[in-house]
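Work through the two exercises below with the sequence and coordinates open.

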Amino acid sequence: MGKPTGFLEYARAEAPHRPPLARIRDYDEFLLPAGEDELCLQSARCMDCGVPFCHAGMAVAGSVIGCPLKNLIPEINDLVYHGRYRDAWQRLAATHPFPEITGRVCPALCEGSCTAGEHGSPVAIRQIEEFLADLAMETG
């Protein structure tokens, strides 16, 4: 785990939205990308808990908890925190068939299952995955 106290030190950062009057003129994304530094801090918030429900991908009482693709989220977050983006992308792509597409429409069940969210706000996992996919596309 990159930062054992990260979930205590850093708050969740939400992606900023483009203004509605700008959004109605095009089909571009309405969420603005978070900066690299901010996403590294979000990765530091991952607790690397003993039982990471974020990647469980299992049905409990009729609801799905965690990532249905079983992405290894704590490992990905640790790699991002340490600036190892290529390794993080490879880890994500190992379980995720099209992260550059589905990461944008995913309901982020992983965030709802994040242990950090039990007493605060969950890690911004979806934003981290979107960052990795965008970076992978930009760098080939």
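Patches are made of residues with over 30% relative accessible area and no salt bridge, nonpolar side chains (Val, Leu, Ile, Met, Phe, Trp, Tyr) being joined within 5 Å. A salt bridge is a side-chain nitrogen of Lys or Arg within 4 Å of a carboxyl oxygen of Asp or Glu. Areas are Shrake-Rupley values with a 1.4 Å probe.

The model is predicted: local features need pLDDT of at least 70, side-chain atom pairs pLDDT 80 or more, while totals for chains, interfaces and linings use all residues. Numbering starts from 1 along each chain, and side-chain values use heavy atoms, without hydrogens and water.

**Exercise 1.** Which residues make the nonpolar surface patch of about 330 Å²?

Step 1. Val51, Phe53, Met58 and Val60 form this patch.
Step 2. Val60 has a relative accessible area of 40%, so it is partly exposed (buried is under 20%, exposed over 50%, partly exposed in between; 1.4 Å probe, protein chains only).

**Exercise 2.** Where do the buried residues of H5 lie, and against which helices do they pack?

Step 1. List the buried residues of H5: Tyr85, Ala88, Trp89 and Leu92.
Step 2. They lie on the same side of H5, because their arc around the axis is only 100° (taken from the directions from the helix axis to the C-beta atoms).
Step 3. Arg86 and Ala94, on the other side of H5, are exposed.
Step 4. The buried residues pack against H3, H4, helix H6 (99–105) and H8.

Conventions. Patch = residues over 30% accessible without salt bridge, like charges linked within 9 Å, V, L, I, M, F, W, Y side chains within 5 Å. Helix = DSSP H or I, 4+ residues; strand = E, 2+ residues; numbered from the N terminus. Contact = heavy atoms within 4.5 Å.
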